[in-house]
Amino acid sequence: MRSRVLILASLIFIAACSSSNHYSSLNRQQVAERIDRNISEKDFVIDVDRALPAQGRSVSLSGGYSLRIHNDTVYSHLPYYGRAYSLPYGGGEGLNFEGAMEGYRAETGSKGECVISFQVKTKEDRYTFNITIWETGSANLTVLSTNKQTISFTGKMRLTT
């Protein structure tokens, strides 16, 4: 019984490692090209692993938090840690929403990184997103809000096409 559990755990670990964005099967140039293509097509996901509130310590996140851009729509499933200046009754949605993206801009930074910015207006707040994605797929995401303190996240861009 114990050996079956170990085998099953090993298979799950191997599957998780091999499906982690397929970065390991690509060379640096191929990764950079896929990242550029995903950004220009406005079709990408950033999986976040750490939250960096404006005050306090950083928070390590366990899977499931992400920001998805698809065409002109933003799908935000992010936690919020920090001070809110104004909230609807019951606490509201926080950074969990789907909304139309406005003012999407993607530019190349001074060190070859891609710098993306856009705004989203929800029924609760107006957000400005600033995203930096390096050619390795590492990403930094900063969310500025009208009614909340700024929060940042680190993570990795999920390769799609």
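**Close-up views of a predicted model**

**View 1. Leu 144 lies in strand S8, which spans residues 138–145.** The model shown here and in the other views is predicted. Leu 144 is partly exposed, with a relative accessible area of 34%. Its contacts, not counting residues up to four places away in sequence, are Arg 126, Tyr 127, Thr 128, Asn 130 and Thr 150. Tyr 127 is 17 residues from Leu 144 along the chain, and their C-alpha atoms are separated by 5.6 Å.

**View 2. Strand S3 (residues 66–70) pairs with strand S1 (residues 43–53) and with strand S4 (residues 73–78).** S1 and S3 run antiparallel and are joined by five bridges; Asp 47 has Ser 66 in S3 as its bridge partner. S3 and S4 also run antiparallel, with five bridges between them, and Ile 69 is partnered by Val 74 in S4. Two residues separate S3 from S4 in a hairpin, where Asn 71 in the turn has a positive phi of about 55°.

**View 3. Asp 72 and Lys 42 form a salt bridge through their side chains, at 3.0 Å from N to O.** Asp 72 is in the loop between S3 and S4 and Lys 42 is in the loop between helix H2 (28–40) and S1, so the pair ties together parts 30 residues apart in sequence. Asp 72 is partly exposed at 44% relative accessibility, and Lys 42 is partly exposed at 23%.

**View 4. The side chains of Arg 158 and Asp 47 meet in a salt bridge of 2.5 Å, N to O.** Because Arg 158 belongs to strand S9 (residues 151–158) and Asp 47 to strand S1, this pair ties together parts 111 residues apart in sequence. Arg 158 is partly exposed, at 33% relative accessible area; for Asp 47, also partly exposed, the value is 26%.

How values were computed
Residues are numbered from 1 along each chain as its sequence is written. This is a predicted model: local features need pLDDT of at least 70, side-chain atom pairs count only at pLDDT 80 or more; totals for chains, interfaces and linings use all residues. Side-chain values use heavy atoms; hydrogens and water are left out. Two strands pair if DSSP finds at least two bridges between them. Helices (H or I, at least four residues) and strands (E, at least two) are DSSP runs, numbered from the N terminus. Buried means under 20% relative accessible area, exposed over 50%, partly exposed in between (1.4 Å probe, protein chains only). Contact means heavy atoms within 4.5 Å. A salt bridge is a side-chain nitrogen of Lys or Arg within 4 Å of a carboxyl oxygen of Asp or Glu.
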